[in-house]
Amino acid sequence: MLLKKILENIEYKVIKGNLNIEINDICYNSKNVKNNDGFIALIGHNMDGHNYISDAIEKGATVIFVEKDIDLKDDVTIIKLNDTRRDLALLSANLFENPSKKLKMIGITGTKGKTTTTWMIKRILEEDNKTVGVIGTMGVFIKNKHYDLVNTTPESYDIHKYLKEMVDNNIEYAVMEVSSQALKLGRVDGITFDYGVFTNLTHDHIGDGEHASMEEYIECKSLLFKQSRHGIFNIDDKNYKKMTNNCICDIHTFGYDKKADLYCDKVELLREKDLIGINMTTEGIICDTFKINTPGKFSAYNAMCAILTTYLIGCSIDSMKKALINISVKGRVEPVKISDKFNLLIDYAHNGVSMESILTTIREYNPRRIVTIFGCGGNRSKDRRYEMGEVSGKLADLSIITADNSRYEDVNDIINDILIGMHKTNGKYITIPDRKEAIKYSIENAHEGDIILLLGKGHEDYQEINGVRRPFDERVIIKEILNELKK
């Protein structure tokens, strides 16, 4: 594409060279540069792309985008931008011919519930015969293709690249999890969301390299609603008013508060053969009852959020009901059918707070026993290990302590740290370092009425040991175990 066209509607200064040249692509990692590409020097928390300009030129870059003053003798075009990271979003939008304008964009932000709500919205839209792509925690999904992601919301260049692929595949709706870091760093700058969604906000992501304070965290989250046409908000959240301050979108609300546009009037817990979920009665703009295939009263928030969003889009109530009764989100209290006598759920809970939440929720279903299987990641804070051990010891009937992603640590050292927290309680436990053997033990020794919680890995399909990621999809592992037990 012509450089001049890529720079449309962006403030810049030509330091050297000429705008009437073609470039093939824009790279923010010098390792990916090819002949006739542009290289943009991003300034990050730990790295500065300006230090890699020579590498990019050596690999064939003909245009360099900078925000610092530099002096290069090489025969390249130099463009100075105000903020390379934020301007990358606008450059990428132009490069890929503004794909977000050709899609119905749905952005979801919040501390918890983003992934489940994303997939509820996706399933309802699909039930209503609409085509949907997803960008979020579990990766990018475009028809039958799946791409893994490092961050919940990828770099702006990658967002537009994926959106362009959605357009090329005749996708109508893009549902995107929008993290506070993405909003802070401008990764979604230049995108107008047709629907901006707020699930909830709790104290999280405060610290070095993330947010300086809770106030900054809230401010970053609220930025989504300065680039949305319609806003869908959890009215019960204590930060609701702060999230709606200065937003430019119209406001639609859900919650238990009867002032909400859509509110939950009654929730009943359901435990059937293949379902641990809720029955939810709504009032307000929709007066009806929905059966939801995810457990706990908090599931009503995710469901209301998805219902209100898709109602505003124009989906039928029938589509909502069919989607929600069949919803299953990989790694988010995901049921795995093993026996009519007990239930097994896979969940991503990997810290004390999330573990306490799921254990408290499952206890409401009056299982004979709650059995947890969990470990903790290596080369991470030991406090998490102590907390998870203590929470499981207090709230589970039996804890099976095993491996997670031990990384460069010895799994037994991690287990011993978990036991420090466990020993603060009177909880029963056993240790089985091999995760497959731990799962097998739980199945072989299950009692009728038990609920087994396989925690920590969720949607992950690998184990990271000594720096190597080895295939480990718990659904596949469970099938292997069941086949072994049949022999």
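A pocket is here an open set of grid points with protein on both sides within 12 Å along at least five of seven lines, and its lining residues are those having an atom within 4 Å of a point. In this predicted model, the second largest pocket is lined by Asp25, Ile26, Cys27, Tyr28, Asn29, Asn32, Lys34, Asp37, Tyr157, Asp158 and Lys161, and the space lying in the second largest pocket amounts to about 200 Å³. By residue class, the lining of this pocket comprises five charged, four nonpolar and two polar residues. Strand 2 (26-27) and helix 5 (156-168) each contribute at least two residues to the lining of the second largest pocket, and helix 5 gives the most, with three residues.

A separate site concerns asparagine 293, which is placed in the loop that runs between strand 16 (288-292) and helix 9 (299-313). Asparagine 293 counts as buried because its relative accessibility is 10%, whereas the cut-off for that class is under 20%. When neighbours within four places in sequence are left aside, the residues in contact with asparagine 293 are Asp274, Leu275, Ile276, Leu324, Ile325, Asn326 and Ile327. Isoleucine 327 also takes part through its backbone oxygen, which the side chain of asparagine 293 reaches at 3.0 Å.

How values were computed
Residues numbered from 1 in each chain as written. Predicted model: local features only at pLDDT ≥ 70, side-chain atom pairs only at ≥ 80, totals over all residues. Heavy atoms only, no water. Helix = DSSP H or I, 4+ residues; strand = E, 2+ residues; numbered from the N terminus. Buried < 20%, exposed > 50% of the residue type's maximum accessible area, 1.4 Å probe, protein only. Contact = heavy atoms within 4.5 Å. Polar contact = N/O pair within 3.5 Å; in protein donor to acceptor, adjacent residues only side chain to side chain. 1 Å grid on protein atoms, 1.4 Å probe; cavity = no way out; pocket = protein on both sides within 12 Å on 5 of 7 lines; lining within 4 Å. Points joined across faces, edges and corners; volume = space filled by probe spheres on them. Nonpolar A, V, L, I, M, F, W, Y, C, P; charged D, E, K, R; others polar.
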